[in-house]
Amino acid sequence: MEKIFSQSWKDKHGVEDEKSDTNKIDADDFVDDAQGLQKKHLVDTTLIVHFFGKKGDNVLLYEDFRNFMENLQTEVLEMEFQQFAKGGDTISEMDFAKILLRYTHLDTNLCDTYLDRLLERIKMDKGIPPGISFDEFKVFCQFLNNLEDFTIAMRMYTLADHPISKDEFHRAVKICTGTSLSKHLVHTVFAIFDEDGDGQLSYREFIAIMKDRLNRGFKSYTKNEGWDAFKICLKHEIKTPN
């Protein structure tokens, strides 16, 4: 009864209920996006706090952001590398080829062609393959980040009918990235992508595959599952030299 009469008195004298303000809906508290009308969530993410502090008044410098991105990329590459290295310091040349081909649109038979080609040429080389270190793998992935510049350089060689040898490939990577690939890594790349073994890079296929590699599986592609996937995995493990 007290609530009824008190509310009537407030209505008669034009007194607003304090609780009514809390129940009002403010249009600024909502956003209408692709997912429909929903309430805004003004929560600082960990990255925002990391970059700008808890109060949001810090200044993010270019050098700090660049270091952050480099460290992030290094950690991602290290996780991918250790997936094959299993705690070791190197991965095999076959594992390196699998990493390059794993996110591509190539069908299984074509992937097997590249792996068979590499395995055959590894057997032709004398001695035990030294493997690929993480530093070599990291430098190669940094080169892939400058793939567009490398593509332009390769087109210039092609238009001039200039053969693309290992030395010229090494020089083009040096110009594009400022870093050098090891001779063994260049030799491995040519063992994968040099179709007829004449010492010339099949650069068109190489660039197309490396662009798929940069997408890291974000583009849709056919993926084998079940028994077929098991047979392919077993076949690849048998091919991998001990």
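The model on screen is predicted, so local features need pLDDT of at least 70 and side-chain atom pairs count only at pLDDT 80 or more, while totals for chains, interfaces and linings use all residues. Residues are numbered from 1 along each chain as its sequence is written, and side-chain values use heavy atoms, with hydrogens and water left out.

Of its 242 residues, 30% count as buried, where buried means under 20% relative accessible area, exposed over 50% and partly exposed in between, with a 1.4 Å probe and protein chains only.

Next, select helix α6 (residues 108-124) together with helix α10 (residues 183-193), which pack at an angle of about 125° with their axes 7 Å apart; the axes are lines fitted to C-alpha atoms over the stretch in contact, and angles run from 0 to 180 degrees between N-to-C directions. The helices α6 and α10 are therefore oblique to each other. Show the side chains of Y114, R117, L118 and R121 in α6, which meet T188, F190, A191, I192 and F193 in α10, contact meaning heavy atoms within 4.5 Å.

Now turn to the aromatic rings, of which the structure holds 12 pairs (rings of Phe, Tyr and Trp, the last by its six-membered ring, pair if their centres lie within 6.5 Å, and planes under 30 degrees apart count as stacked, over 60 as edge-to-face and the rest as tilted). Select F51 and F52, whose ring centres are 6.3 Å apart with planes at 80°, so the pair is edge-to-face. Here F51 counts as buried at 15% relative accessibility, whereas F52, at 30%, counts as partly exposed.

Then select F150 and F169, whose ring centres lie 5.3 Å apart with planes at 80°, so that this pair is edge-to-face. The pair links distant parts of the chain, with F150 in helix α8 (residues 147-159) and F169 in helix α9 (residues 166-177), 19 residues apart. F150 counts as buried at 0% relative accessibility, and F169 is buried with a relative accessible area of 0%.

How values were computed: Helices (H or I, at least four residues) and strands (E, at least two) are DSSP runs, numbered from the N terminus. Angles under 35 degrees count as roughly parallel, over 145 as roughly antiparallel, 65 to 115 as roughly perpendicular and the rest as oblique.
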